[in-house]
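Me: I'm new to this one. Can you walk me through a few parts of it?
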Amino acid sequence: MATVLSVSGSPSASSRTNRLLRHLDNRLTAQGHEVIPLDVRTIPAEALLGADFRHPAIVEATALFARVDGIVIGTPVYKAAYSGVLKALLDLLPQYALTGKTVLPLATGGTTAHVLAIDYALRPVLSSMGARHIVQGWFTLDKDIAVGEDGGLTVAPAAAEALTQVLDQFSEALGRTPVLAAAS
């Protein structure tokens, strides 16, 4: 199957966005995909904010984007847009870093007032970076994501069903991604 980069654009280690992505990673793995998690918050701030294209963490992140077939990008919504830490990373990637990639944008937030952030803030950036196919994204309300005392995640039934549908559409789109032979 495909190799998927699962990018958490949350600045918080304990965020619902991050936990939701790791939960969805399990479904993709069960479908036979190799999933590589990337938490943008773990990239050194001096590399992101200093626009240090040569920093080893930025070079490594760029290489990850280049080697995968698909990318799941999850972000909390702040001020009607995706997170600043995610913006900082996307700004440091090559202009066409998503060329040929299938991308699933996901967002979380506290109110339905932010539901269009995927389509009006994130999708245009992903498209400008050359994404081959941006599948239907999904916005999940914070209240629909519960973290138990044991760290386990529970997603409200309607949200879980919608997430399953968009994740399965993403997985299907990856199945149609042509595998390019390496040049000899």
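Reply: In helix 1, the buried residues are T17, N18, L20, L21, R22, L24, D25 and L28. Buried means under 20% relative accessible area, with a 1.4 Å probe and protein chains only. Helices are DSSP runs of H or I, at least four residues, numbered from the N terminus.

Me: What sort of model is this, and how are residues numbered?
Reply: The model is predicted, with local features needing pLDDT of at least 70 and side-chain atom pairs counting only at pLDDT 80 or more, while totals for chains, interfaces and linings use all residues. Residues are numbered from 1 along each chain as its sequence is written, and side-chain values use heavy atoms, leaving out hydrogens and water.

Me: At what angle do helix 1 and helix 6 pack?
Reply: About 55 degrees, with the axes 11 Å apart; helix 1 covers residues 16-30 and helix 6 covers residues 157-175. Axes are lines fitted to C-alpha atoms over the stretch in contact, and angles run from 0 to 180 degrees between N-to-C directions.

Me: Which residues make the contact?
Reply: L20, L24, R27 and L28 from helix 1, and L163, T164, L167, D168, F170 and S171 from helix 6. Contact means heavy atoms within 4.5 Å.

Me: What comes after helix 1?
Reply: G32 follows helix 1, and its phi is positive, near 100 degrees.

Me: Switching topic, where does H55 lie?
Reply: H55 sits in the loop between helix 2 (45-49) and helix 3 (56-67).

Me: Is H55 buried or exposed?
Reply: H55 is buried, at a relative accessible area of 18%.

Me: And what is H55 in contact with?
Reply: P44, E46 and A47, leaving aside neighbours within four places in sequence.

Definitions and conventions: Helix = DSSP H or I, 4+ residues; strand = E, 2+ residues; numbered from the N terminus. Buried < 20%, exposed > 50% of the residue type's maximum accessible area, 1.4 Å probe, protein only.
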